[in-house]
Amino acid sequence: MSPSTAAKRAALRNLHASGCFVIPNPWDLGSARYLQKLGFKALATTSSGYAWSLARPDNAASLDDVLAHLRALAAGTDVPVSADFEGGFADEPEAVGENVKRALATGIAGLSIEDSTGRAEAPLYDIAVARARIEAARAAIDAVDATAVLTARAECFLVGRPDLSEAIRRLTAYAEAGADCLYAPGLRTADAIRSVVQAVAPKPVNVLVASAGMTVSQLADLGVRRISVGGALARTAWGAFMRAAIEIAEQGSFAGFADAIPFAELNQLLATDFASRKPHDG
C-alpha cells in the first residue's frame with residue numbers, strides 16, 4: 001500500500017535535513033512512475049512540462065488543471081511529490097494562501113511559490129509584497145500540516161534581472177518569512193551558487209540544472225542540498241520526438257526510430273508497475 005500523505009511529507013522534510021539529493025521533474029504519471037522505479041526518493045512537478053503536454057506554453061495551465069495533475073501524481077506514486085505551484089495562481093497574499101490550502105488537499109508533500117508576476121513591465125513583485133505572499137503560504141501550510149515543505153523562488157535570473165545581490169536579498173527575506181528551502185533558478189557559476197548557499201544557511205538551497213554542466217557531487221561540494229531539472233526531461237523527450245517527426249515530414253525517413261525503446265520493454269515495464277498497485281492508488 002502507498003505511504004500516507006503524512007509519511008510522504010515527513011520523508012520530504014527529512015531529505016532536506018542533510019546531504020544532497022536530486023528531485024527530478026516528471027511531466028505526467030508515466031514519467032513519474034519511471035523515475036520512482038529508478039530509485040529517486042522524491043519528485044517535483046514541472047509547470048512547463050505539464051503545460052506542454054496540454055499544448056500550452058509555460059504558466060498557461062489553469063489552477064484546476066494543475067490541481068488535478070497534482071492529485072494524479074500524488075496518488076499515483078509512492079514517493080513525496082513537491083509541486084511547482086508557479087506564483088500561487090493569485091497576486092494577493094490571502095488568495096495565495098487559499099490556493100496553497102487547495103494544493104495541499106491533493107496530497108502533495110510540498111510546493112514552491114515564485115516571485116515573478118508574469119507582467120513584462122514589472123516582472124517581479126515588490127519585495128515587501130513577495131515576502132507577504134511567502135508568509136501567507138507559510139501560514140496556510142501551518143494551518144493544514146506544518147511538515148509540508150515550502151520552497152520560495154527568486155526569479156530574477158529568469159525574468160531579465162540577473163542581479164545576484166538582489167536574488168540573495170529576496171531569498172533572505174523569504175527565509176525570514178518562513179520558507180523551508182530557497183531557490184533562485186538560473187544560477188550558472190560555482191561562485192554564485194556558493195554565495196546563495198552561504199547567505200541563507202543553514203536553510204537548504206535548491207539549484208536548477210537544465211543543461212549539461214556541474215555534476216551532483218560538484219553541487220554537493222558547494223553545499224547544495226537539493227537539485228531539480230525543471231522542464232529539461234520533458235524537453236529531452238520533445239527533442240527526440242520532434243527530430244524523428246521532422247525527419248519523416250521532410251525526408252520521408254523513419255531513421256529517427258532507431259533509438260526508440262522497444263515496445264515490449266516499455267509495455268512490460270509499465271504493465272508490471274500497473275499490476276503491482278492497488279486500484280485506488282491510481
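I'm working from a predicted model, where local features need pLDDT of at least 70, side-chain atom pairs count only at pLDDT 80 or more, and totals for chains, interfaces and linings use all residues. Numbering runs from 1 along each chain as its sequence is written, and side-chain values use heavy atoms, with hydrogens and water left out.

**Cores.** I looked up nonpolar cores, meaning sets of buried Ala, Val, Leu, Ile, Met, Phe, Trp, Tyr and Cys joined through side-chain atoms within 4.5 Å; buried is under 20% relative accessible area (1.4 Å probe, protein chains only). The largest one has 51 residues, and Phe-85, Val-100, Leu-111, Ile-113 and Tyr-174 touch the most other members. I also noted a second, separate core of eight residues, with Leu-15, Ile-23, Ala-44 and Ala-109 among them.

**Tyr-174.** I listed its contacts (heavy atoms within 4.5 Å). Leaving aside neighbours within four places in sequence, Tyr-174 is in contact with residues including Asp-115, Ile-134, Arg-153 and Leu-182.

**Pockets.** A pocket here is an open set of points on a 1 Å grid over the protein atoms alone, where a 1.4 Å probe fits, with protein on both sides within 12 Å along at least five of seven lines; lining residues have an atom within 4 Å of a point. I get about 960 Å³ for the largest pocket, as the space filled by probe spheres set on the points, joined across faces, edges and corners. Of its 25 lining residues, Trp-27, Ala-237, Ala-240, Ile-261 and Leu-266 are the closest to the centre. The second largest pocket comes out at about 540 Å³. I count 34 residues in its lining, and Asp-84, Arg-153, Tyr-183, Leu-208 and Gly-230 are the closest to its centre.

How values were computed: Buried < 20%, exposed > 50% of the residue type's maximum accessible area, 1.4 Å probe, protein only.
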